[in-house]
Amino acid sequence: MAKTRRLMAESIKLVDAVIEVTDARIPYSSRNPELDKLVGTKPRIVVLNKCDTADDAVTSEWVEYYKSRGIASLAVDCKNGKNVNKLLPLVKEVLKDEISRRAQRGMGSRSIRLMIVGIPNAGKSSLINKLAGSKRAKVEDRPGVTRGKQWVLISDGVELLDMPGVLWPKFTDERVGLYLAFTGAIKDDIMDMESLACEFISAMRSINPDALTQRYGIEINPEMTDYEVLQAIGRKRGFLVSGGEINTERAAIMLLDEFRSGKLGKISLELAKSFKDA
């Protein structure tokens, strides 16, 4: 983390703007609060990635939220390419004054340089590959794949500086840590998956309980504990071991995997209106 912060601080002077990739399901929790200090006054575009797994209406509210604060933003889905073609035009609109100044100085052929940042597993590499039209950056469905900074030349005279995904050292809000774990930004192998799944079930029971009942064909009554809901999901899926005991660890892993892949439906865990004064 310290190394990445140093890389950003050293490289920020080399770029014209910063593209910050966030997770549309958790737009607040997936923004690194240390970036504000690192980016400073550089123009910034917030990309709400994985929008096809988030609630469309909520994502639109987040776009308006950023607009009201003078920050350009765009909802995209890098896996299927949705709206990715709108990003470079948006960048050029944000940088139009700088582009005009360069043209007046006879520097119109100079490339636009952009730093692309974001937390682990936000989709930075997928976005770069879509923009470049080829697999230029490493992509895996796990955090921490990009190890060092790398320049990527894409069309229309634009260069991207890809930075490693980095989390901040301490979460002041426990909910932020949980949401990052739900979406896979924190490595599963350091988590107790059953406890994490129970926390996820607790969140879903207040946000969208129907998603669980419809996906798994279970009934959830108020008296059930979150662990009992996890057991019901495991029983419904047939995750049984000898003696008829339910394999809740397997059920937990499956539940979180299905949320992350969008199989539970379009779910947003954070509403823009909850952060209107933030």
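At what angle do the axes of helix H8 and helix H9 cross? Keep that in mind while you find the two helices. Just so we're clear, this is a predicted model.

Angles from 65 to 115 degrees count as roughly perpendicular, so H8 is roughly perpendicular to H9.

Who's touching whom there? On the H8 side you've got Ile201, Met204, Arg205 and Ile207, and they meet Pro209, Ala211 and Leu212 in H9. Sort the residues of that contact by type and you get six nonpolar, no polar and one charged.

We're looking at an open sheet of six strands, and the pairing is mixed. Going across, the order reads E3-E2-E1-E4-E6-E5. At the edges sit strand E3, residues 72-75, and strand E5, residues 150-154, each of which pairs on one side only. From one strand to the next, the twist averages 25°.

Now zoom in on one pair inside that sheet. Strand E4, residues 112-118, and strand E6, residues 158-162, run parallel, with five bridges joining them.

Helix H3, residues 56-68, lies across E3 and strand E2, the latter being residues 44-49. Relative to E2, H3 runs at about 175°.

That's my tour, folks.

Definitions and conventions
Residues numbered from 1 in each chain as written. Predicted model: local features only at pLDDT ≥ 70, side-chain atom pairs only at ≥ 80, totals over all residues. Heavy atoms only, no water. Parallel < 35°, antiparallel > 145°, perpendicular 65-115°, else oblique. Helix = DSSP H or I, 4+ residues; strand = E, 2+ residues; numbered from the N terminus. Contact = heavy atoms within 4.5 Å. Nonpolar A, V, L, I, M, F, W, Y, C, P; charged D, E, K, R; others polar. Pairing = 2+ DSSP bridges. Axes fitted to C-alpha atoms, helices over the stretch in contact; angles between N-to-C directions.
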